[in-house]
Amino acid sequence: MQEIREYAPILIPTLNRYKHFRRCVESLSKCTHAEKTELVIGIDYPPVEKYREGWEKISEFITTITGFKKVTILRAETNLGAIANSRRIREYIQDKSQTYIYSEDDNEFSPCFLDYMNKALARYWDDERITSVSGYNYPVDMSGYDKSVYAYHQYSAWGVGRWVHKFDYVPTSYAKEVLSSPLKMVKILKTEPKVLFILMSMVARKQRWGDTLTVASNILKERYSIFPSISLCRNYGHDGSGLHCGGNEFDGNEMFKNQIISMNKTFELDEVEIIDADIPALKEYFAISTIEALSDLKQYIKSMGSR
């Protein structure tokens, strides 16, 4: 049986999505080991009046939260924005714990989520090949795969466990670095072509997509995340309430919020080989169509020509 080395604190940034936030916290409070876990909430200040009602509801709700070892509230006096709000709660915990679990406020978790996280964080503590532990598994057919977990180069922030000593911030400039290196481009093309074209789109739009940067880094450094074979997280954020998902029919809101998750109270962590798991449905899920690839390439070339 896998020993637990420490009970990682849970970090949740939030602002005004009251229903999502309450669902998230209540699901975590029902997890095995919640009573041994510190919950750290970073509540940002409303940038405009339309966010105030939800912010006030969250401000009231957080005073009633129970079920955790400790609830720490970090309130912002002025609007910080999503990135800075997330950063400050990571900085708060950095000298207090060697591990942490990060979640946005639109996730709902399985009862065994914390058991899985703490066991996996202990198991892979000193394994430099593993950069994170995901609580989410993609909506794919896992038929034929009989282990409770698998390793893969992907990265999901929908409930993710990290180690302070292994945290590796990937700068936005990394995308340009990859796209200027034929060797790096070829390695990504051989592993997952979609990542390369998303990097092109990111550069063309002058944006930062942290998940894609992390995946590119994982591929090039031959590092991986650990994923559960049955998802321990369900996401409700594709309803248009967040920053990155527009809530239209192409965002898959119904598919994600209705995803089946484990209802077990504990998690048995199987031993797996640390290479990309051979799961055909995963490769199909992350495939990119010729039309999508050409569109991203065209957008990238156009942006280069305008500089």
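Helices and strands here are DSSP runs, numbered from the N terminus. The views below come from a predicted model.

**View 1. K206 sits in the loop between helix 7 (193-205) and helix 8.** Its phi is positive, about 60 degrees, although K206 is not a glycine. Most residues other than glycine have a negative phi. K206 is exposed, because its relative accessible area is 71% and the cut-off for exposed is over 50%.

**View 2. H33 also has a positive phi without being a glycine.** The value is about 85 degrees. H33 lies in the loop between helix 1 (18-29) and strand 2 (38-43). Buried or exposed? H33 counts as buried, at 10% relative accessibility. The cut-off for buried is under 20%.

**View 3. The largest cavity holds about 80 Å³ of space.** A search of the whole structure finds one cavity of 30 Å³ or more. Its lining consists of T131, R162, D168, V170, T214, S217, N218, K221 and R223. Which element gives the largest share of this lining? Helix 8 (residues 210-221) does, with four residues. By residue class, the lining has four charged, four polar and one nonpolar.

**View 4. The largest nonpolar core has 57 residues.** L28, F113, Y116 and Y150 touch the most other members. Helix 4 (residues 113-123) supplies the largest share of this core, six residues. In soluble globular proteins, nonpolar side chains tend to be buried together.

**View 5. L28 is shown with its contacts from beyond four places in sequence.** These are I10, I12, A34, F68, F109, F113 and L114. One of them, F113, is also among the core members that touch the most others.

**View 6. A second, separate core contains 31 residues.** Its members include Y155, A157, V203 and Y300.

**View 7. Y155 is found in the loop between strand 7 (149-152) and strand 8 (160-163).** Y155 counts as buried, at 10% relative accessibility. Leaving out residues up to four places away in sequence, Y155 touches S132, Y138, V160, R162, D211, T214, V215, S225 and F227. The side chains of Y155 and R162 are joined by a polar contact of 3.3 Å. R162 also lines the largest cavity, as does T214. From Y155 to L11 the separation is 144 residues in sequence. In space, the two are 18 Å apart, C-alpha to C-alpha.

Note on methods: Residues numbered from 1 in each chain as written. Predicted model: local features only at pLDDT ≥ 70, side-chain atom pairs only at ≥ 80, totals over all residues. Heavy atoms only, no water. 1 Å grid on protein atoms, 1.4 Å probe; cavity = no way out; pocket = protein on both sides within 12 Å on 5 of 7 lines; lining within 4 Å. Points joined across faces, edges and corners; volume = space filled by probe spheres on them. Helix = DSSP H or I, 4+ residues; strand = E, 2+ residues; numbered from the N terminus. Nonpolar A, V, L, I, M, F, W, Y, C, P; charged D, E, K, R; others polar. Buried < 20%, exposed > 50% of the residue type's maximum accessible area, 1.4 Å probe, protein only. Core = buried A, V, L, I, M, F, W, Y, C linked by side-chain atoms within 4.5 Å. Contact = heavy atoms within 4.5 Å. Polar contact = N/O pair within 3.5 Å; in protein donor to acceptor, adjacent residues only side chain to side chain.
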